[in-house]
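Hello,

I am handing over the structure below, with notes on its side-chain contacts. Please look through it before reading on.

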Amino acid sequence: MSRSHRLPIGQDIRHLRAFAGVGLHLANSNRLMYGLTIGSVERVLLRLETIAIDQQDFESGTAFFEIRHYLLDTSRKVAATYRTELDQAEKAEKDALSAILDAKISDEDERATEVMRSRSKGIMIPEIEIAETNHPKRIIGSDLTDNAVDLIRLDVIIGKQHASHAHKLGKDFEAWFQEQLRQQGVASEKTSPSDFTSEELCELGIPTLRQQIAEIRAYNRTHKRSLGILLCVRDDYVGQQIADECYFCGYFGRRDPCVIAFDDTENLSEFQKVYKQFNLRLVLIPANGPQTDQDLQQALDAANL
């Protein structure tokens, strides 16, 4: 998967579809494979969805989303069967019988298998119709409903314990943030997003980065748009963390509708070193605080990505 984006788009899609098909078969054939393959299959399906939406094949994009939702939902139900507590008498009886037979007897295994059987269904991995023309995404904005925009700006903020969050407020964020602190009566010693846990940031109205990306994906599916993302990163020493987030969300190569804007060369270098197989579009922006969308537009145009 890490090399597929270097192939022509037709071959890239064929490789990804084959991987997704095999992954689905393994997961649906063996309950243990849910824990071993579900993460990789989810990333491939995310990537296929992204490619489909970018190519304006919205029907296939929605199908990939529904397959991923089915897999994740089934995975949760399978995992839940192993959380059922046995009372002490049942546990002692099962342990005694296991010792006699020299084998582990698991009611949870039987329940997990039954869950899989009850949810089993045939799934076809859809093809993707490649667009005849696909203009590069360059116009930056924060309003999903603006038809002139094709890259949504997400300013990344890092909370306590390296929690990745993001907002679409641009240069107005600081004033908004301080007003939120005042309205909610937050302790005066907490003045920066880095002072808050992930849960606290969500309570303040700042979603996680993955939630923001999921919202844009959902908007694309519903409204038949092909909006990409521009991640503006200004915290220090987070190059690897941003690379991890991109990997989890299925963004790998220059064709993907994702641009990373760093204001620090160390972050940019760290990002490139961590995942050498990545070929995402990167741009260096001035380090003198938040810029307007127009300022970022100029930096993007100058980079000629």
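In these notes, buried means under 20% relative accessible area, exposed means over 50%, and partly exposed lies in between (1.4 Å probe, protein chains only). This is a predicted model, so local features need pLDDT of at least 70 and side-chain atom pairs count only at pLDDT 80 or more, while totals for chains, interfaces and linings use all residues. Residues are numbered from 1 along each chain as its sequence is written, and side-chain values use heavy atoms, with hydrogens and water left out.

Salt bridges

Side chains of opposite charge can pair when their charged atoms come close. A salt bridge here is a side-chain nitrogen of Lys or Arg within 4 Å of a carboxyl oxygen of Asp or Glu. The count by this rule is 16 salt bridges.

One of them joins Arg47 to Asp256, with 2.7 Å between the closest N and O atoms. This pair links distant parts of the chain, 209 residues apart: Arg47 is in helix H2 (residues 31-54), and Asp256 is in the loop between helix H9 (239-248) and strand S5 (258-262). Helices (H or I, at least four residues) and strands (E, at least two) are DSSP runs, numbered from the N terminus. Arg47 has a relative accessible area of 2% and is therefore buried; Asp256, with 3%, is buried too.

Helix H2 also holds Glu49. The side chain of Glu49 forms a salt bridge with that of Arg221, at 2.8 Å from N to O. Again distant parts of the chain are linked, since Arg221 is in helix H8 (residues 209-223), 172 residues from Glu49 in helix H2. Glu49 counts as buried because its relative accessibility is 1%, and Arg221 counts as buried at 14%.

Another salt bridge is formed by Asp263 and Arg234, at 3.5 Å from N to O. These two are 29 residues apart, with Asp263 in the loop between S5 and helix H10 (265-274) and Arg234 in the loop between strand S4 (228-233) and H9. Asp263 is buried, with a relative accessible area of 16%. Salt bridges with shared partners also join Asp12, Arg47, Arg255 and Asp256 into one network.

Aromatic rings

A pair of aromatic rings is described by the distance of the centres and the angle of the planes. Rings of Phe, Tyr and Trp (its six-membered ring) pair if their centres lie within 6.5 Å; planes under 30 degrees apart count as stacked, over 60 as edge-to-face and the rest as tilted. The structure has five aromatic pairs.

Phe173 and Phe177 form a stacked pair, 5.4 Å centre to centre with 25° between the planes. Both are in helix H6 (residues 173-183), four residues apart, or about one turn of the helix. Phe173 is buried at 8% relative accessibility, and Phe177 is buried at 0%.

Phe177 also pairs with Phe196: the ring centres are 6.0 Å apart and the planes are at 90°, so this pair is edge-to-face. Phe196 is in the loop between H6 and helix H7 (198-203), 19 residues from Phe177, and both residues are buried. Ring pairs link Phe173, Trp176, Phe177 and Phe196 into a cluster.

Charges over rings

A charge sits over a ring if NZ of Lys or CZ of Arg is within 6 Å of the ring centre and within 35 degrees of the ring normal. Arg210 lies over the face of Phe248, 3.6 Å from the ring centre. Arg221 lies over the face of Phe65, at 3.6 Å from the ring centre.

Regards
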